[in-house]
Amino acid sequence: MDSLYVLVVVGAMAAGFVQGLSGFGFGMVAMSFWAWTIDPRLAAAMAVFGSLTGQLLAAFTVRRGFALTHLLPFIVGGLAGIPLGVMLLPHLDPLLFKTFIGALLGIWCPIMLFATRLPRITAGGKVADGVAGAVGGIMGGIGGFTGVIPTLWCTLRGFDRDVQRSVIQNFNLSMLAVTMATYVFTGVVTRDMLPLFAMIVPAMLVPTLLGARLYVGISDIAFRRIVLGLLTLSGIALLASSVPKLLG
């Protein structure tokens, strides 16, 4: 099998499991595999497609904690941010973008992970939630990273496990559906990408369902540690793939 196809399948399997377990993270995990050798525009389109597929699967398997009052500000902000992200995509330096996201995750998430008591942010209300959603929308338009900032924000808000997963899962589902439609409409997704898309779905199906099943049995503390640990590892992987090239 061609090495490209192996890379696509392995990345989709790992990312699908993480998304099923945590409710987010397909794009970050998949890009840690794909960003090494795959063209940035193709990798971004595959990450958005895989993330959307995973969210659709998760939406039917984990439906606890839904709260529209928590979710709505994130969606409104995200819808405003997506067009800006799509406009930035053709003009963005992918190395600088990956380095920035990797540094953010690699520094901030370990601090949160090892803190004995996380600060709980109550200021800003729904406006602040909307701003976090807007940043997620921009990053989703760029490459499917919709869940990074909203996930960190929900953690700092102190949402319990089910509410946080529900917000992130449904926010990502909404943002990714709009992003994929925008990619198709603007020509980012091309016909020659379809065979790779067809490989992603079967590769991620079982790992995503397995991750979602494991989620049901974990505690709030374990969920927080898993989320922050995965974000940290994703940040390190992004830095490992981008910093050497940037310095070179």
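The structure is a predicted model, in which local features need pLDDT of at least 70 and side-chain atom pairs count only at pLDDT 80 or more, while totals for chains, interfaces and linings use all residues. Residues are numbered from 1 along each chain as its sequence is written, and side-chain values use heavy atoms, with hydrogens and water left out.

**The core**

Select Trp34, Met46, Tyr183 and Ile200, the residues with the most contacts inside the largest nonpolar core, which has 71 residues. Such a core is a set of buried Ala, Val, Leu, Ile, Met, Phe, Trp, Tyr and Cys residues joined through side-chain atoms within 4.5 Å; buried means under 20% relative accessible area, exposed over 50%, and partly exposed in between (1.4 Å probe, protein chains only). Helix H3 (residues 40-61) supplies the largest share of this core, 10 residues. Helices here are DSSP runs (H or I, at least four residues), numbered from the N terminus.

Next, centre the view on isoleucine 200. Contact means heavy atoms within 4.5 Å; not counting residues up to four places away in sequence, isoleucine 200 touches Val8, Ala12, Phe26, Trp34, Met46, Phe49 and Gly50.

**Along helix H9**

Select leucine 196, which lies in helix H9. Leucine 196 counts as buried because its relative accessible area is 7%. With residues up to four places away in sequence set aside, its contacts are Leu4, Tyr5, Val8, Leu42 and Met46. Valine 8 is 188 residues from leucine 196 in sequence, yet their C-alpha atoms are 7.5 Å apart.

Beyond neighbours within four places in sequence, threonine 208 is in contact with Gly16, Phe17, Gly20, Gly54 and Leu57.

Select H5, whose buried residues include Phe97, Ile101, Leu105 and Met112. Then select histidine 91, placed in the loop between helix H4 (68-88) and helix H5 (94-114). Histidine 91 counts as exposed because its relative accessibility is 71%. A distance drawn from its C-alpha atom to that of isoleucine 149, 58 residues away along the chain, is 22 Å.

**A last stop in helix H4**

Finally, select leucine 72 in helix H4. With a relative accessible area of 44%, leucine 72 is therefore partly exposed.

How values were computed. Helices (H or I, at least four residues) and strands (E, at least two) are DSSP runs, numbered from the N terminus.
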